[in-house]
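Student: Can we go through some helix packing here? Put the model up first.

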Amino acid sequence: LGSCLIRERRHKEAMVLLEQALDIRTKHGRHQDLPSAEIYFNMGIIHCETGKLNRAIDCYEEAIKIKTNELGKENIQVAQILNNIGSVFARNKEYQRALKPWQDAIDMYNNAGLSKDDPKVSCTMGNIEFSKRFVSPTPVQSIRHILNY
């Protein structure tokens, strides 16, 4: 239900339901399982879309911790969360910082056997290429640009 409300941009209602679901899972000792990771992931989406970027990162990191523990480090679901983390950094105009999680996601996609034509891979590669335009050049790049080589 929370995901449906997110799609409808009913963020407050979605967050209330997600917090209630997480509270119930915590009371029953199930706050470190895959359904809880999905709750954290969805909470991260809401925080990002409402401009609470630090909270979004916290939720995404909790989701990664759980998914890595449950599914292993090299997993497409972990890569998708890393893609969202990169997008949070880019939304905050931290383009250099966004590159690392995006590259890590690409590495995971490659290790999982996804082709460069896969929408997940092409989307993340597009994010990387877009952000590289805003990253300050290194001193060597700046000198080369000045000297035209």
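Student: At what angle do α4 and α5 pack?

Tutor: Helix α4 (residues 53-71) packs on helix α5 (residues 76-91) at about 165°, and their axes are 9 Å apart. Therefore α4 is roughly antiparallel to α5, a label for angles over 145 degrees. Axes here are lines fitted to C-alpha atoms, for helices over the stretch in contact, and angles run from 0 to 180 degrees between N-to-C directions. Helices are DSSP runs of H or I, at least four residues, numbered from the N terminus.

Student: Is this experimental or predicted?

Tutor: This is a predicted model, where local features need pLDDT of at least 70, side-chain atom pairs count only at pLDDT 80 or more, and totals for chains, interfaces and linings use all residues. Residues are numbered from 1 along each chain as its sequence is written, and side-chain values use heavy atoms, with hydrogens and water left out.

Student: OK, F41. Which helix is F41 in?

Tutor: F41 lies in helix α3 (residues 34-49).

Student: Buried or exposed?

Tutor: F41 counts as buried because its relative accessibility is 17%; buried means under 20% relative accessible area, with a 1.4 Å probe and protein chains only.

Student: What does F41 touch?

Tutor: Not counting residues up to four places away in sequence, F41 touches Y60, A63, I81 and N84, contact being heavy atoms within 4.5 Å. F41 and I81 are 40 residues apart in sequence, with 7.4 Å between their C-alpha atoms.

Student: New topic: what do the buried residues of α6 pack against?

Tutor: They pack against α5 and α7 (119-132). Among the buried residues in α6 are W102 and Y109.

Terms used: Helix = DSSP H or I, 4+ residues; strand = E, 2+ residues; numbered from the N terminus. Parallel < 35°, antiparallel > 145°, perpendicular 65-115°, else oblique. Buried < 20%, exposed > 50% of the residue type's maximum accessible area, 1.4 Å probe, protein only.
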